[in-house]
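Please open the structure in your viewer and keep the selection panel at hand. The tour below moves from one selection to the next and says what is to be found at each stop.

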Amino acid sequence: MKRKKKHWITSIVVFFLGILCVVPYFLVLTGGFYQQDRGFSFQAYYDVFLGTSQYLFRFWRSLGICLYIVFGQVLVSVLSGYGFAKYSFPGKNIMFFFLMILMILPLQVTQVPTYIILDKLKILGRDAALIFPNIFVPLGTFLMTQCFRTVSDDMLDSARIDGCGLFGIFFGVVIPVSKGGLVCTGILSFLDAWNMVEQPIAYLDGFEDYPISVALAYVSSGNWEKQFACCLLVLLPPLFLFSYFNRELVEGIVFGEEK
Amino acid sequence: MKRKSIYFFVLIFWLLAVCTVLSENIERLMTARVVVYEGAHQSMVGQGDAELTLEALTRDASGNHLYEIVKGSGWESGNRVEETDSHFYTVEKECVLITSGMGGKYILYASKEITPGDLVQKVTPYKGKNEKYLVIAPVGTETVTMDWEDTELLEQKGNILLISQTGKLPYMEGMMRDTINLTKESKIYCLGEVKEFFENMPLLSVIWVLLMFSVVLWGYSYKLMSNPPENRVLLAGNLGIGLLLFWGFTNVTQRVSLPSSLLPKENILDLTYYKNVFIEIWKALEGMSSTAAVELKEVFFKSIGFAGGVIGFGIVCGVFILLWEHRFAKKLSQKNKAATFSFLC
């Protein structure tokens with residue numbers, strides 16, 4: 001009896017917590033349809049999706065920037081992760097240690113040095129100023145190193161005995177068994193790039209250059225319904241990634257088992 | 001689940017691409033052209049106050065509004081409409097007197113109704129060709145005096161007049177009212193612009209057909225995805241057709257040029273507005289026998305017929321392509337079955 005009561009209380013608490021989590025998304029979906037002076041209306045969605053091309057052009061531009069970042073980061077992470085996981089070279093452990101330190105450093109700490117480097121490279125104020133530093137974010141390398149470490153050396157030796165070369169082993173054995181980690185790195189780098197706020201403000205010239213994550217804050221504060229409609233637009237790519245790759249994402253995060 | 005999610009999001013992203021093309025063109029069409037008076041900054045208040053036409057004022061339930069152009073920022077960049085503070089001007093019997101002495105770009109005429117925040121384009125009117133205008137004076141107006149030498153009265157039916165005039169371009173109702181000395185209560189439609197609107201109807205129907213066919217194609221492809229290896233060729237074909245349709249849609253959309261004077265204030269899809277405007281024009285033209293009126297009616301029926309034809313042709317084409325694909329898929333499947341059978345034998 002006491003157990004049943006406890007179970008009920010837990011259910012109620014979980015239910016209310018669940019509602020608390022869902023309410024913001026529900027507000028985003030429904031808020032765009034309600035206008036303070038007109039009641040139910042599609043006007044906010046019309047304004048964002050059809051009234052002007054500004055929102056959608058900025059959306060596609062931001063998506064393009066993110067895809068460059070994802071492609072670059074996955075490439076760099078895979079290559080460096082494989083090196084850390086499967087090769088021995090002098091200073092490997094100390095380099096990995098520094099990589100982990102870099103990973104835990106707050107963004108604000110590295111922002112000024114990055115700014116100076118970008119200035120020296122003469123790419124400040126351009127999209128490349130967002131793409132270039134994000135390609136070398138250490139989290140991807142760390143994730144891929146951990147992922148490749150779980151690929152057994154025996155498997156690689158067998159492939160080598162069967163006549164596989166370096167590329168054959170890498171693309172034919174290592175990459176297919178590490179798909180989860182790869183997808184996880186890709187998704188995390190995409191989300192990181194899609195949600196970036198500080199870097200565009202620091203590295204770009206002004207509103208005209210900002211990606212949608214920053215420009216969203218410039219939608220007039222009095223126009224709630226338009227803000228909600230914009231939020232829906234911003235929500236779409238992460239929603240797609242999660243709905244398509246949810247299984248790989250979970251698999252990628254749980255890559256402790258040896259393959 | 002994966003297949004469903006990719007198909008659902010393909011549709012979503014395709015819709016976003018369609019919206020991008022549409023929004024770019026809607027913005028182009030909905031941007032009002034305005035004629036402005038650029039007041040100079042005066043060192044002393046009252047020194048050479050500027051006089052603006054009464055047409056510069058917009059009247060509604062909340063009173064008079066005078067608008068000016070300002071440079072916007074953020075999402076509202078470009079030339080934007082802003083309401084002038086009522087302390088900066090006085091409304092006289094025949095003009096609006098600017099008393100601020102601060103200078104500014106006051107909007108005299110606009111090609112369509114404007115509200116604060118709207119994006120506008122500054123233009124300088126130029127003399128156009130001879131055009132026919134439909135004037136609907138307020139009920140009770142017996143005679144309309146036209147003290148303009150270029151104006152010719154073609155037909156009159158009570159308070160409704162059909163006139164011919166070499167007006168200025170781009171057409172702005174307020175500017176025309178000032179030219180022929182009519183009050184703000186009267187409505188003037190440029191028949192050339194109404195004709196242009198009707199002539200765009202077939203293009204609009206092409207856009208509709210292309211969009212509808214793309215959605216049907218998406219639905220058909222979703223069905224084909226139940227067996228992707230067997231329907232690989234058809235799916236690739238559908239992708240090709242989809243891209244071709246999108247290319248066609250982009251091209252056709254860029255060709256649409258709806259006259260600004262006949263577009264609604266806020267939403268280009270406001271069908272009630274179009275209904276009211278065209279019912280008003282139609283009623284005014286009813287019973288008129290002059291060539292311009294008859295010609296406009298003919299253009300309307302021709303455009304409607306052409307638009308209907310385009311929709312019909314689009315449906316027939318769509319059905320034909322899908323049936324042909326279906327037959328092709330059947331043949332392909334029979335061929336594959338025969339090949340498998342001969343291999344097993």
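Helix axes in this tour are lines fitted to C-alpha atoms over the stretch in contact, and the angles between them run from 0 to 180 degrees between N-to-C directions. Helices (H or I, at least four residues) and strands (E, at least two) are DSSP runs, numbered from the N terminus. This is a predicted model, in which local features need pLDDT of at least 70 and side-chain atom pairs count only at pLDDT 80 or more, while totals for chains, interfaces and linings use all residues. Residues are numbered from 1 along each chain as its sequence is written, and chains are lettered from A and ligands numbered from 1 in the order in which they are written.

**First stop: two helices of chain A**

Select residues 138–149 of chain A, which form helix H7, together with residues 179–194 of chain A, which form helix H10; their axes come within 9 Å and cross at roughly 165°. Angles under 35 degrees count as roughly parallel, over 145 as roughly antiparallel, 65 to 115 as roughly perpendicular and the rest as oblique. H7(A) and H10(A) are therefore roughly antiparallel to each other. The crossing of H7(A) past H10(A) is right-handed, a crossing being left-handed if the near helix is turned anticlockwise from the far one by less than a right angle, and right-handed if clockwise.

From H7(A) come A:Leu139, A:Gly140, A:Leu143, A:Met144 and A:Cys147, and they meet A:Gly181, A:Cys184, A:Thr185, A:Leu188 and A:Ser189 in H10(A). This contact of H7(A) with H10(A) holds 6 nonpolar, 4 polar and no charged residues, where Ala, Val, Leu, Ile, Met, Phe, Trp, Tyr, Cys and Pro count as nonpolar, Asp, Glu, Lys and Arg as charged, and the others, Gly among them, as polar.

**Second stop: helix H3 of chain A**

Among the residues that make the contact are A:Ile65, A:Ile69 and A:Gln73 of H3(A), and A:Thr185, A:Ser189 and A:Phe190 of H10(A). By class, the contact of H3(A) with H10(A) divides into 10 nonpolar, 5 polar and no charged residues.

Stay on helix H3 (residues 54–86) of chain A and pick A:Ser80 within it. Is A:Ser80 buried or exposed? A residue is buried if 20 or more other C-beta atoms, placed from the backbone, lie within 10 Å of its own, exposed if 12 or fewer, and partly exposed in between. With 20 C-beta neighbours inside 10 Å, A:Ser80 counts as buried.

Move to A:Lys122, in the loop between helix H5 (107–120) and helix H6 (128–135) of chain A. Most residues other than glycine have a negative phi, and most peptide bonds are trans. The phi of A:Lys122 is near 60°, a positive value in a residue other than glycine, and A:Lys122 is exposed, with 10 other C-beta atoms within 10 Å.

Zoom out to chain A, which has 13 helices and 2 strands. The radius of gyration of chain A, 23 Å, is well over the 18 Å that the globule rule gives for 259 residues, so the chain is more spread out than a compact globule. That radius is taken over C-alpha atoms, and the globule rule is 2.2 Å times the number of residues to the power 0.38. Of the 259 residues of chain A, 30% count as buried.

Turn to chain B, which has 7 helices and 13 strands; its C-alpha trace spans about 105 × 50 × 35 Å along the principal axes. Of the 345 residues of chain B, 26% count as buried.

Within chain B, select B:Leu169 and B:Pro170, which are joined by a cis peptide bond with omega about -5°. B:Pro170 sits in the loop between strand S12 (160–169) and helix H2 (173–179) of chain B. Then go to B:Phe306, in helix H7 (residues 291–344) of chain B, which counts as partly exposed with 16 C-beta neighbours inside 10 Å.

To finish, display both chains: 16 residues of chain B are in contact with 18 residues of chain A. The side of chain B that touches chain A has 8 nonpolar, 5 polar and 3 charged residues.

Technical notes. Contact = placed C-beta atoms within 7 Å.
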